[in-house]
Amino acid sequence: MDILNALVLFSNFVVVPALAYGAQLALGALGVTLIYGILRFSNFAHGATMAFGTMCCVLITWWFQSLGISFGFLPTALLALPFAIVLCVVFVLLTDSAVYKFYRNAKSSPVILVIASVGMMFVTGGLVRFIIGPDDQQFNDGARFIIKAREFKEMTGLNEGLAIKTSQGIALFAAVAVVIALFWFLNKTRTGKSMRAYSDNEDLALLSGINPERVVRVTWILAAALATLAGVLYGLDKSFRPFTYDQLLLPFFAAAILGGLGNPFGAIGGGFIVAFSEIMMTYAYKKFFAYLLPEDMAPTELLQLFATNYKFAVSFLILVIVLIFMPTGLFKGKSV
Amino acid sequence: MENPAALLVFQRETFMKKLLLATAASVALLASPVLGAGHGPVKIGVFLGFTGPIESLVANMAPGAELAIKEVSESGKLLGGKAVEAVRADTTCVDAAAATTAMETLVTSEGVAGVVGGDCSGVTGAALTNVAVPNGMVMISPSATSPGLSTAEDNGLFFRTAPSDARQGVVMSDIIMERGFKSVALTYTNNDYGKGLADAFATAYTAAGGTVTINTAHEDGKADYAAEVGALAAAGGDVLVVAGYLDQGGKGIIQGALDTGAFDTFVLPDGMVGDALPKAIGSDLNGSFGQAPGTDSPGAGKLVEMVGDAFDASSPFAAESYDAAALIMLAMQAAESTDPAAYKDKVFDVANAPGEKILPGELGKALEILANGGEIDYVGASNVELIGPGESAGNYREIEIKDEALSTVGYR
């Protein structure tokens, strides 16, 4: 019984939140890593793109809600998502032809593209705040929980509750589905193979007749779709606030670099490692061990490795250590 | 209104200041006898941030102070009929060097007999140590709330009609204790406001016999608060005190704590009190409680009535500004002198009981009572009660979330 209580406690405060946060990070990091692998620059505007896509989704969701359209126990935002993705893709393709294409054709060095993306970050962020404002926006509806902590306690008779939010379930499910779809696309389809070829060796790919503009276009479409999806899932789970989305960029890059920049598999692994390390390293294990140990050995201290103030330091510390010993990341990406 | 950047600037320029001060002090020595002799009107400095981050607040604070000055001047009862004149000077709220210069001008070339101000904590501290203390000038600030000013070396020259944030910690501790919660988990937003309030609260609550199971910071605007919620939940406690902002990390923490079933009841200090929070969280927040500055004293309403459409007297710190100016002039009357060294000791006497209670608009009456050797207890527009090192005891509105909306439980 006590062992079960300990496990449920650990799941409720560590495993479930970390899985959901990890899935959100993985989807974001995947977009960053795709752009890096194929377009060969770190896209600092990814967080802002995410905010833009989410903003579209929020506005469409509100419109749907005003029309009385709902999606049963699932959030209405999922119905609005495809439309938001289309809008975000159009926006990103426009920015590509207006900004990045010029530098690409001029064969500019990656650092110039990076700085151009920083500029795009400010422009996109400003646009989002101009349209929807800088405040918090709630757009989640439908059932909030798959299972509530209190219901779980009553059901099982345990001391500890386990809560799983609908948004957490959706995030994890969507991350798994998207990852499977993306791997199938990259490994099995002609377009996917041409993208990988372009990523591996641009000149050779061009010689074998791959249309570079098409590869670039498909990459932007995928990145925009991933950004919108990640943004909407994150917004459903927490809330939508444009400024916070810019801040998400740091854990995205940490996840992508940790896994190996340019390697989609690495981005996913990196996302979960960052999420789990942030939460596990700063969790206070007092109650957990109080269940496992005999009563007279129960801990009186919090048993916290790091105060929560240091959670960012934790993920970056791991990043630094990994890069010292494995400069291309855990899953062999391009060296940074 | 804490401003650490300004303090840094101030430290860098301390040496320069000392040189200037030596000059300023000698000029002041020459100027003060002239003042004491009683030629011309009594001048009072209105030392507020007419430009800078709080200029929109100052637009209502300065007229508040000047209204009290005009009232006294027109009554013709101050020290046998002296006229009083307001002299404005700009603190800028953020630039300690500019504020110090402006304060020097007030004291040395304008020859003011007292100063209403400054406004932001950083510039107020700089002007106090650089100019007011060396020149023996009384300052009464209507809006500096940093707990640091309570312990500043002021030779009894500095007062404020605004409460220190430290006071709110004590009030919050009282409210929690009265509701019978003996252990709390505590999280605060990682800045001067959050840290100051959390420390003040933790000290007061522990002294009252409560237990703070964990006292930890959270960063605003971050992606995920699962780690913070996990640590708070592991530490446990009857209620969770969230000294943060309602549209920032504070909300994220509360949402996370409710979702995981870690805490059901939350304590909300002023940064968390607003209609947006119950609206965003919903019925789960019912039963949570807290406090924010506010008073139901008749004085506040009376000031608004007196002012009419001239300016917005219900704007933050407008009432405190009126009271700051009134206190200076009443203390002068009680001391029968415009010399700061004499009337600084009378500020407490006129502000606190015993004596006849004085509301806004009754300054003439108060001057008369004092002239006849009577005593007054100045209540004013912000329910003034000076405590400790000469700061307002502070009035707080206790709130509780009922039916997904804020409701007022009482005032304390």
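Chain B is divided by its domain assignment into domain 1 (4-165 + 298-392) and domain 2 (166-292 + 396-411); such bounds come from an automatic or database domain assignment. This is a predicted model, in which local features need pLDDT of at least 70, side-chain atom pairs count only at pLDDT 80 or more, and totals for chains, interfaces and linings use all residues. Residues are numbered from 1 along each chain as its sequence is written, while chains are lettered from A and ligands numbered from 1 in the order in which they are written.

**The two domains of chain B**

- The C-alpha centres of domain 1 and domain 2 of chain B lie 35 Å apart.
- Contact between them involves 6 residues of domain 1 and 8 residues of domain 2, where two residues are in contact if their C-beta atoms, placed from the backbone, lie within 7 Å.
- On the domain 1 side of this contact there are 3 nonpolar, 2 polar and 1 charged residues. Here Ala, Val, Leu, Ile, Met, Phe, Trp, Tyr, Cys and Pro count as nonpolar, Asp, Glu, Lys and Arg as charged, and the others, Gly among them, as polar.

- Helices (H or I, at least four residues) and strands (E, at least two) are DSSP runs, numbered from the N terminus.
- Strand S1 (residues 42-48) of chain B has 7 of its 7 residues buried, so S1(B) is largely enclosed by the rest of the structure. A residue is buried if 20 or more other C-beta atoms lie within 10 Å of its own, exposed if 12 or fewer, and partly exposed in between, with C-beta atoms placed from the backbone.
- In a regular strand the side chains alternate between the two faces of the sheet.
- One side of S1(B) carries B:Val42, B:Ile44, B:Val46 and B:Leu48, the other B:Lys43, B:Gly45 and B:Phe47, and all of these are buried.
- S1(B) runs parallel to strand S2 (residues 84-90) of chain B, joined to it by 7 bridges; strands pair if DSSP finds at least two bridges between them. Within this pair, B:Gly45 stands opposite B:Val87.
- Between S1(B) and S2(B) the chain passes through helix H3 (residues 55-75) of chain B in a right-handed β-α-β crossover. Right-handed describes a path from the first strand over the helix to the second that runs clockwise, with the strands pointing away from the viewer.
- Strand S3 (residues 114-117) of chain B is also parallel to S1(B), with 4 bridges joining them, and B:Val46 stands opposite B:Val116 there.

**Strand S8 of chain B and its partners**

- In strand S8 (residues 239-243) of chain B, 5 of the 5 residues are buried. B:Val239, B:Val241 and B:Ala243 lie on one side, with B:Leu240 and B:Val242 on the other.
- Strand S6 (residues 183-189) of chain B pairs with S8(B) in the parallel sense over 5 bridges, and B:Val184 stands opposite B:Val239.
- Strand S9 (residues 266-268) of chain B is parallel to S8(B) and joined to it by 2 bridges.
- The crossover from S8(B) through H9(B) to S9(B) is a right-handed β-α-β one.

**Where chains A and B meet**

- Chain B gives 22 residues to the contact and chain A gives 33.
- Strand S7 (211-218), helix H8 (226-235) and helix H9 (249-259) of chain B each give two or more residues to the side that touches chain A. The largest share, 8 residues, comes from H8(B).
- By class, this side of chain B has 10 nonpolar, 7 polar and 5 charged residues.

**A helix of chain A**

- Helix H12 (residues 264-282) of chain A has 19 residues, which at 1.5 Å a residue should span 27 Å, and its end C-alpha atoms are 28 Å apart, which agrees. The expected span is 1.5 Å times one less than the number of residues.
- H12(A) is largely enclosed by the rest of the structure, because 15 of its 19 residues are buried.

**Backbone details worth a look**

- Most residues other than glycine have a negative phi, and most peptide bonds are trans.
- The peptide bond from B:Gly117 to B:Gly118 is cis, with omega near -10 degrees; B:Gly118 sits in the loop between S3 and helix H5 (121-135) of chain B.
- B:Ala353 and B:Pro354 are also joined by a cis peptide bond, with omega about 0 degrees.
- A:Lys107 has a positive phi of about 50 degrees and counts as exposed, with 6 C-beta neighbours inside 10 Å.
- B:Asn383 has a positive phi near 55 degrees and counts as buried, with 21 C-beta neighbours inside 10 Å.
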